Amino acid sequence: MTDRDPSKPVDSSRRNFLKYSIATAGTLAGVAALGLSAPASLRSAAWAAGSDAPEKAALTVGFIPLTDCASLIVAATQGFAGKYGLTITPSKEASWAGVRDKLINGELDAAHVLYGMLYGLQLGVGGPRTEMANLMGLNQNGQAITLSRQLREAGVTTAEQLAAKVKEGGKPMTFAQTFPTSTHAMWLYYWLGSHGINPMSDVKTITVPPPQMVANMRVGNMDGFCVGEPWGARAIYDKIGFTAVTTQQIWPDHPEKVLGTTRAFIEKYPNAARALVMSLLDASQFIEASEENKRSTAKLISGKAYVNAPVDVIEPRFLSQYDDGLGNTWKDDHAMAFCRGGEVNYPYLSDGMWFLTQFRRWGLIKQDPDYQAIARSINQTALYGEAASQLKLAVPSSPMRSSTLLDGVVWDGSNPAAYAASFAVKA
């Protein structure tokens, strides 16, 4: 039944998976694990059989040590991959550049990857031009912009105070993001720009791999950074910084990491790609099925093989419990989400198009592309729909959605060129 390494301490998650399997229609794995005979209705529901079986059953899937890799780790270690005829080997990578290179050269079959990276590679920005594919969203929300303890001691705790400090002149402040076309670069630039700070000219920006953010802030290499959890929470835990803004405050329920691969992979292994999506969708539902499952997942991913951070750092924000390091605590209604009935996972075209508008805004591309055509090429809505239908997850009636960001501007994908040109602060 399982493809997990028996040496890994995942008993709590494993027990929860078995309970979840029995309670979920169409799950053969949990039935077999308890030595029971599956009814015909369940046996006939199995996807990975006959001509639908994965063409490649053993997949290597990359990830960066971040909280939002959770559904991949759960799928790989808790039996979900096996339900769909797969064995997933999670491959821990040191940087997003490493993920990019291994995806392109085929060392990784797929990866937990930055949304914007796929779009950048499609255009030859941030790497060699390569046809890419977004199979599904892995999560929404759950990133943060952290400012240093030194800024706090200088009286800077708000964006307005930061803007005033920048305008004083002197040595430019340094802000870190994770990759030139990353979600984190775009959240950071959007937040700074919405407060009158031009990230291309008013401050210095550098690229730092996520696990190295806290160490670099500790030694004074940056004044602020944008990264995924748990590293924002870790900066507070280590008393070296505070959360200035969460990314869900910038864009509630924003797209974040995706399950990415090359177009060549899905053309050669369409059944394996679909089975991979099904595995991670099932794991995503499991994570959100109960608070107990969230707690056991936080414990699982805290291990050295995965995120390598204390459970005390990962779990609170995983459970929507926020502390900004300034004495403010709250229950976040838009904390990191993994499924929500598939709403998180559908690869909306408008989400991908938004990143293209920001590439245009900040000069990463020099002219307006065919926004929707690029999104249709990358976002695999049809393949996702096939996978979701097998898990009885609803698929939106439209591949476009409407969102309002922190500056009150509505994004719906209807006129991307005008949207990209509309910002007062741009490159």
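Entry 1. I looked up the second largest cavity and found it lined by Thr 67, Gly 142, Glu 229, Ile 314, Arg 317, Phe 318, Tyr 322 and Met 336. I note that the model is a predicted one. The space in this second largest cavity comes to about 40 Å³. I then asked which helix gives the largest share of its lining. Sorted by class, the lining of the second largest cavity has four nonpolar, two polar and two charged residues.

Entry 2. I next asked how many cavities of 30 Å³ or more the structure holds. There are two. The largest cavity holds about 60 Å³ of space. It is lined by 15 residues, and those closest to its centre are Tyr 115, Gly 137, Pro 255, Val 344 and Asp 351. I looked for elements that give two or more residues to the lining of the largest cavity, and these are β4 (132–137) and β10 (257–262). By class, I recorded seven nonpolar, four polar and four charged residues in the lining of the largest cavity.

Entry 3. I turned to the sheet in which β4 and β10 take part. It is an open sheet of five strands, in the order β2-β1-β3-β10-β4, and its pairing is mixed. Which strands stand at the edges? They are β2 (87–92) and β4; each has a single partner strand, so one side of each is left without a neighbour in the sheet. From one strand to the next, the twist averages 30 degrees.

Entry 4. I examined how β1 and β2 are joined. Strand β1, residues 58–63, runs parallel to β2, and six bridges join the two. I noted that Val 61 stands opposite Pro 90 in β2. I also looked up helix α7, residues 115–123, which packs on the sheet and touches β3 (110–114), β4 and β10. The direction of helix α7 makes about 100 degrees with that of β3.

Entry 5. Last, I looked up Ala 275, which is found in helix α15, residues 270–288. Is Ala 275 buried or exposed? Its relative accessible area is 0%, so Ala 275 is buried, the cut-off for buried being under 20%. Leaving aside neighbours within four places in sequence, I found Ala 275 in contact with Pro 54, Tyr 84 and Leu 86. Between Ala 275 and Gly 85 there are 7.4 Å in space, C-alpha to C-alpha, although the two are 190 residues apart in sequence.

Key: Residues numbered from 1 in each chain as written. Predicted model: local features only at pLDDT ≥ 70, side-chain atom pairs only at ≥ 80, totals over all residues. Heavy atoms only, no water. 1 Å grid on protein atoms, 1.4 Å probe; cavity = no way out; pocket = protein on both sides within 12 Å on 5 of 7 lines; lining within 4 Å. Points joined across faces, edges and corners; volume = space filled by probe spheres on them. Helix = DSSP H or I, 4+ residues; strand = E, 2+ residues; numbered from the N terminus. Nonpolar A, V, L, I, M, F, W, Y, C, P; charged D, E, K, R; others polar. Buried < 20%, exposed > 50% of the residue type's maximum accessible area, 1.4 Å probe, protein only. Contact = heavy atoms within 4.5 Å. Pairing = 2+ DSSP bridges. Axes fitted to C-alpha atoms, helices over the stretch in contact; angles between N-to-C directions.
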